[in-house]
Amino acid sequence: QVQLVESGGGLVQPGGSLRLSCAASGSIPRLSVMGWFRQAPGKQRELVASIPIASSGTTYYADSVKGRFTITRDAAKNTVYLQMNSLRPDDTAVYYCAARAYGRATYNYWGQGTLITVSS
């Protein structure tokens, strides 16, 4: 099993920045990819960014966050980060950390979610 614990959400003004952290514990070697999803009120959950656990492979960003958000990992700490800059009101959502095990087509481990509100 894998446990994911997010931190770093909160209220921020438009144009501001926040950094989310996701600490993984448990069967880490089983994981191939970690990512951040978000779900705004009345909308479907969407993948915001993802990063492979291995050093090779490419990161993914949704078009809506390209150039503003950066996903990184610290392998020694089993932690993934999402640096969010130039935040906009439409970035308001509950953000979830997720992980996908090797051989799985879908994300099968999820954090509890953290709320980010972008408002003046």
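Phe37 and Tyr107 are both buried. They belong to a predicted model, in which a search of the whole structure finds four aromatic pairs. The rings of Phe37, Tyr96, Tyr107 and Trp110 are linked by such pairs into a cluster.

**Aromatic pairs**

- One of the four aromatic pairs is formed by Phe37 and Tyr107, with ring centres 5.0 Å apart and planes at 85°.
- The Phe37–Tyr107 pair counts as edge-to-face because its planes are at 85°, and the cut-off for that class is over 60 degrees.
- This pair links distant parts of the chain: Phe37 is in strand 4 (residues 31–39), and Tyr107 is in the loop between strand 9 (93–101) and strand 10 (109–110), 70 residues apart.
- Phe37 also pairs with Trp110, at 4.8 Å centre to centre and with 55° between the planes, a tilted arrangement.
- Because Phe37 lies in strand 4 and Trp110 in strand 10, their pair ties together parts that are 73 residues apart in sequence.
- Phe37 has a relative accessible area of 11% and is therefore buried, since the limit for that class is under 20%.
- Trp110, with a relative accessible area of 35%, is partly exposed.

**Arg68**

- The side chains of Arg68 and Asp91 are joined by a polar contact of 2.7 Å.
- Apart from neighbours within four places in sequence, Arg68 is in contact with Gln83, Met84, Asn85, Ser86, Leu87, Arg88 and Asp91.

**Gln3**

- With 38% relative accessibility, Gln3 counts as partly exposed.
- Not counting residues up to four places away in sequence, Gln3 touches Ala23, Ala24, Ser25 and Gly26.
- Gln3 and Ala98 are 95 residues apart in sequence, while their C-alpha to C-alpha separation in space is 9.6 Å.

Key
Residues numbered from 1 in each chain as written. Predicted model: local features only at pLDDT ≥ 70, side-chain atom pairs only at ≥ 80, totals over all residues. Heavy atoms only, no water. Buried < 20%, exposed > 50% of the residue type's maximum accessible area, 1.4 Å probe, protein only. Contact = heavy atoms within 4.5 Å. Polar contact = N/O pair within 3.5 Å; in protein donor to acceptor, adjacent residues only side chain to side chain. Phe/Tyr/Trp six-rings, centres within 6.5 Å; stacked < 30°, edge-to-face > 60°. Helix = DSSP H or I, 4+ residues; strand = E, 2+ residues; numbered from the N terminus.
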